[in-house]
Amino acid sequence: MSDIPPLPFLPFALPEIGEDEINEVVDTLRSGWITTGPKAKRFEQAFAEFLGEPQLECVAVNSATAGLHLALEALGIGPGDEVITTTHTFTATAEVVRYLGADVVLVDIDPNTLNIDPKLVEAAITPRTRAIIPVHYAGLAVDMLEILDIARRHGLRVVEDAAHALPTTLERELIGTMGSDATVFSFYANKTMTTGEGGMLVTRNPELAKRARVMRLHGMNRDAFDRFTAKVPSWYYEIVAPGFKYNMTDIAAAMGIHQLKRLPGFQLRREQIAQTYNQAFADLPLILPPQALAGDVHSWHLYVLRLSDRLEIERDQFIERMYALGIGCSVHYIPLHLHPYWRERYDLRREQFPHSQKAFERMFSIPLYTSMTDAEVQRVVDAVRSIALAA
Ligand SMILES: *Cc1c(COP(=O)(O)O)cnc(C)c1O
């Protein structure tokens, strides 16, 4: 019997919150203005500057799901319309289409990038198709040039689900500036930066931004802070549509302002951990995550490994052994075509999505986050190596 205590459990993901975020939140709490106000505005401006275009319209919301819903609503998506997206995503990407009474058309992924396959997007277009929602899976950019070309040729709208893609580049351009109708980022607790819950809708279309700003707050033509800070403070507003309650609070924005400043440093640490993993696993019977093109940035929101066909061990067993060694893992994602709602609604069969199905059955995500110590990274390396070599 050893008297060395077992190592503490290493969770799959943790946020990294610093003193600056804490102090800014406290400042907000003491300021008397805790809902959407000056800090949400500052965060929107800082976000546009981060993307390198101070005139870019950034609309802060309380989740990426809300941002996706607002973008599609502003584009006029509704009953009778079809929107094409990947089956290999989180349900939020697709559920927003159903909020608007439109239909979701799911397509398979490219087995190398795990991103939506543009050829399948084009093949799925019908006279009812109105929009495409590409998802930059794990933080690797979708081939947006191809998607935007398809959209142009068929007169379709494009809303990017960039929940994983901050900061991600394609041909050295940041996702968010590629020229789609709108791009939506997530600041959920486990994303590459966080506000607890939150999201940002980014667009170059001022009409779209204006509609989203109205619809994020009940369909009101002036928000409370506008009225409060007007030359003559006014109680008056008008309701111009049945809107939603999707505004970001200043408490959340206070965190966002400082998380955004730290984002380049966060990305470097994620890159470093990803490269450590790539080197440590290169000789194992595992399929490593696809890399960004030379010169481009992968956000490394997720580090997804796949068991090669040479390994007999099942994916579930691999994850159980990781847990037994005190390391949390996850699976991204259970494809939408396997969930009862989507399967039954659209009569989907797994044979329609062979690449997503195969990837799902063999994939697992290992911990990769900025607050991991080098020793924790090494623990993950040792665990994966010992399980893969014994399998
Ligand atoms: C996290 C996530 C969302 C939703 O983000 P929220 O901010 O939690 O609404 C949407 N799409 C994908 C791919 C995600 O991973």
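In the predicted model, the C-alpha centres of domain 1 and domain 2 are separated by 26 Å. Domain 1 spans residues 19–260, and domain 2 spans residues 263–390. To the contact between them, domain 1 contributes 40 residues and domain 2 contributes 39 residues. The size of an interface is often given as the accessible area lost when the parts come together. For domain 1 and domain 2 this buried area is about 3200 Å², and carbon and sulfur atoms supply 60% of that area. On the domain 1 side, the residues that lose the most area to domain 2 are His88, Asp108 and Thr192, which together make up 16% of what that side buries. The interface of domain 1 and domain 2 is crossed by 1 salt bridge.

Salt bridges were also counted over the model, giving 25. One of them joins Arg345 to Asp103, with the closest N and O atoms 3.2 Å apart. Arg345 and Asp103 belong to a network of salt bridges that also includes Glu82, Arg98 and Arg128.

In the salt bridge of Asp117 with Lys119, the closest N and O atoms lie 3.6 Å apart. Asp117 is buried, with a relative accessible area of 10%, while Lys119 counts as exposed because its relative accessibility is 62%. The salt bridge between Asp149 and Arg153 has its closest N and O atoms 3.1 Å apart. Asp149 and Arg153 are 4 residues apart in helix H6, so about one helical turn separates them. Asp149 is partly exposed, with a relative accessible area of 27%, and Arg153, at 47%, is also partly exposed.

Helix H6 (residues 144–154) takes part, with S4 and S5, in a right-handed β-α-β unit. Strands of a sheet pair through backbone hydrogen bonds, either parallel or antiparallel. Strand S4 (residues 129–133) pairs with S5 in the parallel sense, over 2 bridges. The bridge partner of Ala131 in S5 is Arg157. S5 also runs parallel to strand S8 (residues 182–186), to which 3 bridges join it. There, Glu160 stands opposite Thr183 of S8. Strand S5 (residues 157–161) is mostly covered, with 4 of its 5 residues buried.

Antiparallel pairing occurs in an open sheet of 3 strands, ordered S10-S11-S12. Strand S10 (286–287) and strand S12 (363–366) are the edge strands, each pairing on one side only. Strand S11 (residues 303–307) is joined to S12 by 4 bridges, and these two strands run antiparallel. Leu305 stands opposite Phe364 in S12.

Pro335 is placed in the loop between helix H10 (315–324) and helix H11 (340–345). The relative accessible area of Pro335 is 0%, so the residue is buried. Leaving aside residues up to four places away in sequence, Pro335 touches Thr87, His88, Ser356 and Phe360. Pro335 and Phe353 are 18 residues apart in sequence, and their C-alpha atoms are 9.1 Å apart in space.

Key
Residues are numbered from 1 along each chain as its sequence is written. This is a predicted model: local features need pLDDT of at least 70, side-chain atom pairs count only at pLDDT 80 or more; totals for chains, interfaces and linings use all residues. Side-chain values use heavy atoms; hydrogens and water are left out. Buried means under 20% relative accessible area, exposed over 50%, partly exposed in between (1.4 Å probe, protein chains only). Two strands pair if DSSP finds at least two bridges between them. A crossover is right-handed if, with the strands pointing away from the viewer, the path from the first strand over the helix to the second runs clockwise. Contact means heavy atoms within 4.5 Å. Domain bounds come from an automatic or database domain assignment. Buried area is the accessible area (1.4 Å probe) that two parts lose on being put together, summed over both. A salt bridge is a side-chain nitrogen of Lys or Arg within 4 Å of a carboxyl oxygen of Asp or Glu.
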